[in-house]
Amino acid sequence: MSTPSMTLFYNTASPFARKVLVMLHETGQFDQVALQQTLVTPVNPVPELNDANPAGKLPALRLADGSMIHDSRVILDYLDHQHAGTPLIPRDGAARWARLTLASLADALLDAALLIRYETFLRPAEKHWDLWLENQAEKIQRSLAYFEQHAAADLSAQFDVAAISVAAALGYLDFRQPNLNWRERYPQLAEWYAVVSQRPSMLSTQPPV
Ligand code: BEZ
């Protein structure tokens, strides 16, 4: 086991941090990172983080030279350049843009799920905005439908940046919206997730119960 040379500022409930943790496992770099659990919400900034990371973005990775990189997309790209195995982000060609675009859609689904979480958990009940919540929920459904109709086979091809991002998104829906029943409407996605959620990288990074 090597001594960690990097520090990951993260939260165990964050699906964006989970993407990074899964990438660390999948690329054999988990031992190289010390984990620092950090609680940041839009109404609870952490001043220590803000010098090198003025927007307080999490996850953030402090590298061996002391510099800080964020957010999850940049960290995944960095980590993918640090290991010798098959790249999990295609380096060039059409595959690069196709896989990064799927990953971006998964991140957009997560953005919507987080906005719902913030609106329903952090915001006082009397200030909840139903139209806002409905539109975030529709964005989630449209994204799931796209994955089901256009990407289920592509996702099975490799557990790469696209697959990691979609898996983290589905895991977060199970965590924060357990009554969504997405498996009924999206059976191919459900079948794919049943397999990939059993990977050691996914099992060891589950959100807290
Ligand atoms: C959550 O509790 O759902 C959460 C916590 C940190 C980052 C993102 C989500």
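Let's start with a term: a patch here is made of residues with over 30% relative accessible area and no salt bridge, where like charges are joined within 9 Å and nonpolar side chains (Val, Leu, Ile, Met, Phe, Trp, Tyr) within 5 Å. What you're looking at is a predicted model, so local features need pLDDT of at least 70 and side-chain atom pairs count only at pLDDT 80 or more, while totals for chains, interfaces and linings use all residues. Residues are numbered from 1 along each chain as its sequence is written, and side-chain values use heavy atoms, leaving out hydrogens and water.

Now for the patch itself. L115, W129, L131 and W132 make a nonpolar surface patch of about 390 Å², with accessible areas coming from the Shrake-Rupley method with a 1.4 Å probe and only the protein chains shown counting as cover for residues. W132 sits in helix α4 (residues 130–157); helices (H or I, at least four residues) and strands (E, at least two) are DSSP runs, numbered from the N terminus. W132 counts as partly exposed, at 30% relative accessibility. On this scale, buried means under 20% relative accessible area, exposed means over 50%, and partly exposed is in between (1.4 Å probe, protein chains only).

Next, the sheet. Four strands form an open sheet in the order β2-β1-β3-β4, with mixed pairing; two strands pair if DSSP finds at least two bridges between them. Strands β2 (33–37) and β4 (68–69) are at the edges and have a single partner strand each, so one side of each is left without a neighbour in the sheet. Helix α1 (residues 15–26) packs on the sheet and touches β1 (6–10) and β2, where contact means heavy atoms within 4.5 Å. The direction of α1 makes about 145° with that of β1; the axes are lines fitted to C-alpha atoms, for helices over the stretch in contact, and angles run from 0 to 180 degrees between N-to-C directions. Helix α2 (residues 72–80) packs on the sheet too, touching β1, β3 and β4, and its direction makes about 40° with that of β3.

Let's zoom in on β3. Strand β3 (residues 60–62) runs antiparallel to β4, and two bridges join them. R62 belongs to β3 and stands opposite M68 in β4. Leaving aside residues up to four places away in sequence, R62 touches S5, M6, T7, F9, S67 and M68. With 35% relative accessibility, R62 counts as partly exposed.

Finally, the charges. Side chains of opposite charge can pair when their charged atoms come close. A salt bridge is a side-chain nitrogen of Lys or Arg within 4 Å of a carboxyl oxygen of Asp or Glu, and by this rule there are eight salt bridges. One of them joins the side chains of K57 and D71 (3.3 Å, N to O). That pair links distant parts of the chain, 14 residues apart: K57 is in the loop between β2 and β3, and D71 in the loop between β4 and α2. Another salt bridge pairs R73 with D107, the closest N and O atoms being 3.1 Å apart. Here R73 is in helix α2 and D107 in helix α3 (residues 93–122), 34 residues apart. Buried or exposed, what is D107? D107 is buried, with a relative accessible area of 2%, while R73 is partly exposed at 45%.
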